Amino acid sequence: MAAAGQAVVGVSGSLAGLAALRTAVRAACSSGRVLVAVLAWEPPEGEVLHARNPDSAWAARCAREAAARLDRAFEEAFGGTPSEVTVVRRVVRARPDRALCRLAAHPDDLPGQRRPRAGS
C-alpha cells in the first residue's frame, strides 16, 4: 500500500541539485510516495522590477525555459523520467524556499533531504 503524502524536491540543474533529485527518487520509491519535482523561478530582473513594467511574453519565455531546465535535469540524472516512481513536474513562479514550503506543507509529505553536517 502506498504511503500518504508526497516526496518533494527542488530541482535546479546544478550537480548538487541532480544529486538531490536522485536521492528524492530513491526516497519516493522506498516509501511509495509520488515524487513532486519543483523548479521555482522568478523573472531575471526580480518581481519588483517586473511588476513596474510587466511583460507577459517575457514571463512566458522564462516559464518555458524553466520547464526545459526541469526536463534537462531528468535527462541528465536518469536519461528521462524514471519508470519506477510516479513523477509530477511542477514549474512554479516563486522563490524556491517559498515554493517548496508551500508544496511540502502536508504533515505526511517528505521534504527534500539535505546532507548532515560533519559532526552532527
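I take buried as under 20% relative accessible area, exposed as over 50% and partly exposed as in between, with a 1.4 Å probe and protein chains only. By that rule Arg-61 is partly exposed at a relative accessible area of 40%.

**Entry 1: ground rules.** I am working on a predicted model, where local features need pLDDT of at least 70, side-chain atom pairs count only at pLDDT 80 or more, and totals for chains, interfaces and linings use all residues. I number residues from 1 along each chain as its sequence is written, and side-chain values use heavy atoms, with hydrogens and water left out.

**Entry 2: salt bridges.** I count a salt bridge when a side-chain nitrogen of Lys or Arg is within 4 Å of a carboxyl oxygen of Asp or Glu. I get three salt bridges by this rule.

Helices (H or I, at least four residues) and strands (E, at least two) are DSSP runs, numbered from the N terminus. Glu-65 is partly exposed, with a relative accessible area of 37%.

Next I checked Arg-89 and Asp-71, whose side chains form a salt bridge at 2.5 Å, N to O. Arg-89 is in strand E3 (residues 87-93) and Asp-71 in helix H3, so this pair ties together parts 18 residues apart in sequence. Arg-89 is partly exposed at 31% relative accessibility, and Asp-71 is partly exposed at 38%.

The remaining entry is Arg-95 with Asp-97, again a salt bridge, with the closest N and O atoms 2.5 Å apart. I list Arg-95 as partly exposed at 34% and Asp-97 as partly exposed at 38%.

**Entry 3: H1 against H3.** I looked up how helix H1 (residues 15-31) packs on helix H3 (residues 56-78): the angle is about 75° and the axes are 10 Å apart. The axes are lines fitted to C-alpha atoms, for helices over the stretch in contact, and angles run from 0 to 180 degrees between N-to-C directions. H1 and H3 are therefore roughly perpendicular; angles under 35 degrees count as roughly parallel, over 145 as roughly antiparallel, 65 to 115 as roughly perpendicular and the rest as oblique.

H1 contributes Leu-18, Leu-21, Arg-22 and Val-25 to the contact, and H3 contributes Ala-73, Phe-74, Glu-76, Ala-77 and Phe-78. Contact means heavy atoms within 4.5 Å.

**Entry 4: cores.** A nonpolar core is a set of buried Ala, Val, Leu, Ile, Met, Phe, Trp, Tyr and Cys residues joined through side-chain atoms within 4.5 Å. The largest one has 21 residues, and those with the most contacts inside it are Val-9, Val-11, Leu-21, Leu-35, Ala-37 and Phe-74. I find at least two of its residues in each of strand E1 (6-10), H1, strand E2 (34-41) and H3. H3 gives the largest share, seven residues.

I then listed what Ala-37 touches beyond four places in sequence: Val-9, Val-11, Leu-21, Leu-70, Phe-74, Val-88, Arg-89 and Arg-90. A second, separate core has nine residues, including Val-8, Ala-40, Val-92 and Ala-104.

**Entry 5: Ala-66.** I placed Ala-66 in helix H3. Ala-66 is buried, with a relative accessible area of 1%. Apart from neighbours within four places in sequence, Ala-66 is in contact with Leu-39, Trp-41 and Val-91. From Ala-66 to Arg-90 I note 9.9 Å, C-alpha to C-alpha, across 24 residues of sequence.
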